[in-house]
Amino acid sequence: MKIDTDFSHLTLTEIEDKKLEVSTKIAEIRSQLGYAKAEVADGGEYSDPVWFRKATDALAIHGVIHQALSLEQGRRKR
């Protein structure tokens, strides 16, 4: 899967807005994964392995996007 990390067409304000959106999504995914892990630690059931893999993948993808946005933002501020 190719992740689009070319944000050169966005304005600085759009980059900042996108970073906030991606950061929020990362926090939501981390929260869901943390809850799933806590359920297992408390002696509960394991999460659906397909869901868990997709959530973990989504976290990694959003992390790459956030990093690319940060790099583009840094280039613009120089």
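Me: What makes a residue count as buried here, and what share of the 78 residues in the chain is buried?
Reply: Buried means under 20% relative accessible area, with a 1.4 Å probe and protein chains only; over 50% is exposed, and in between is partly exposed. Buried residues make up 21% of the 78 residues. This is a predicted model: local features need pLDDT of at least 70, side-chain atom pairs count only at pLDDT 80 or more, and totals for chains, interfaces and linings use all residues. Residues are numbered from 1 along each chain as its sequence is written, and side-chain values use heavy atoms, with hydrogens and water left out.

Me: How many helices and strands does the chain have?
Reply: Two helices and zero strands. Helices are DSSP runs of H or I with at least four residues; strands are E runs of at least two, and numbering starts from the N terminus.

Me: Why is the chain called more spread out than a compact globule?
Reply: The globule rule is 2.2 Å times the number of residues to the power 0.38, and the radius of gyration is taken over C-alpha atoms. The rule gives 12 Å for 78 residues; the chain has 16 Å, well over that, so it is more spread out. Its C-alpha atoms fill a box of roughly 50 × 25 × 15 Å along the principal axes.

Me: What do the buried residues of α1 pack against?
Reply: They pack against α2 (49–77); contact means heavy atoms within 4.5 Å. Among them are Ile-15, Val-22 and Leu-33.
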